[in-house]
Amino acid sequence: MIKSTNMGNYSLQTTIKKKRTLKTIGWREWVALPELGINTIKAKIDTGARTSALHAFALRPFTENGKQRIAFDIHPVQNNTEIVLTCTADVLDKRWVSDSGGHREERFVITTPIILGDETWPIEITLTERDSMLFRMLLGRSAIRKRFAVNPARSFLQKK
């Protein structure tokens, strides 16, 4: 909405933005990554991490029709290494990322749609081995920016 104010010989136009109410999510939520074939995976919401990260191992970069792609395996279920999914995605980039311990690692970056509750949108995800970590996925602040508010005292506030 544009609001005009007449100030003698001058006219002042101000853009008034509608306030958007953000949906609330908990510190962990169920998400889906449909293009990767992941119907549900438990994600930790990590506002301290800029980029989202997905547990991936046996990374196999390749070129297909002139595009850089990557195949990788994932254990989508916490505490279960028996279930293995093989995923394939286009490579967006390769970036140096610092983990929470300050260790730097070069990671492949992909873009894929995510579903959280009744929202679907594309996010960037870095691929890294997270076998020793409790959560197979971290959802970083760039992915939830302007979409969700986080209640750190709650879990699973959005539908699975």
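**Pocket lining, core and aromatic pairs**

The lining of the largest pocket divides into eight nonpolar, eight polar and 11 charged residues. The model under description is a predicted one. In total, 27 residues line this pocket, and its volume is about 630 Å³. Elements that contribute two or more residues to the lining are β5, β9, β10 and β11. Strand β9 provides the largest share, four residues. Nearest the centre of the pocket lie S98, D99, S100, R107 and L138.

Read from the N terminus, the order of elements is β-β-β-β-β-β-β-β-β-β-β-β-α-β. Of the 160 residues in the chain, 36% are buried. Contacts between residues at least 6 apart in sequence were also examined, and 52% of them join residues at least 24 apart.

The largest nonpolar core comprises 29 residues. At least two core residues come from each of the strands β4 (28–33), β5 (38–46), β8 (67–74), β9 (85–98), β10 (104–116), β11 (119–128) and β12 (137–140), and at least two from helix α1 (141–144). In soluble globular proteins, nonpolar side chains tend to be buried together. The residues with the most contacts inside the core are L36, L54, F72, M137 and L139. For L36, with neighbours within four places in sequence left aside, the contacts are L54, F72, C87, T88, A89, I110 and T112. Two of these partners, L54 and F72, are themselves among the residues with the most contacts inside the core.

A search of the whole structure returned three aromatic pairs. One of them is formed by W27 and F135 and is edge-to-face, with 5.8 Å from centre to centre and 75° between the planes. W27 is located in the loop between β3 (23–26) and β4, and F135 in the loop between β11 and β12, so this pair ties together parts of the chain 108 residues apart in sequence.

Another of the aromatic pairs consists of W30 and F156, which are stacked, with 5.8 Å from centre to centre and 20° between the planes. This pair also links distant parts of the chain, as W30 belongs to strand β4 and F156 to the segment after β13 (148–151), 126 residues apart. W30 counts as partly exposed at 25% relative accessibility. F156, at 30% relative accessibility, likewise counts as partly exposed.

The loop between β11 and β12, which holds F135, also contains M133. The relative accessible area of M133 is 38%, so this residue is classed as partly exposed. The C-alpha atom of M133 is separated by 9.2 Å from that of Q78, and the two residues are 55 residues apart along the chain.

Conventions. Residues are numbered from 1 along each chain as its sequence is written. This is a predicted model: local features need pLDDT of at least 70, side-chain atom pairs count only at pLDDT 80 or more; totals for chains, interfaces and linings use all residues. Side-chain values use heavy atoms; hydrogens and water are left out. A nonpolar core is a set of buried Ala, Val, Leu, Ile, Met, Phe, Trp, Tyr and Cys residues joined through side-chain atoms within 4.5 Å. Buried means under 20% relative accessible area, exposed over 50%, partly exposed in between (1.4 Å probe, protein chains only). Contact means heavy atoms within 4.5 Å. On a 1 Å grid over the protein atoms alone, a cavity is a set of points where a 1.4 Å probe fits but cannot get out, and a pocket is an open set with protein on both sides within 12 Å along at least five of seven lines; lining residues have an atom within 4 Å of a point. Grid points are joined across faces, edges and corners, and a volume is the space filled by probe spheres set on the points. Ala, Val, Leu, Ile, Met, Phe, Trp, Tyr, Cys and Pro count as nonpolar, Asp, Glu, Lys and Arg as charged, and the others, Gly among them, as polar. Rings of Phe, Tyr and Trp (its six-membered ring) pair if their centres lie within 6.5 Å; planes under 30 degrees apart count as stacked, over 60 as edge-to-face and the rest as tilted.
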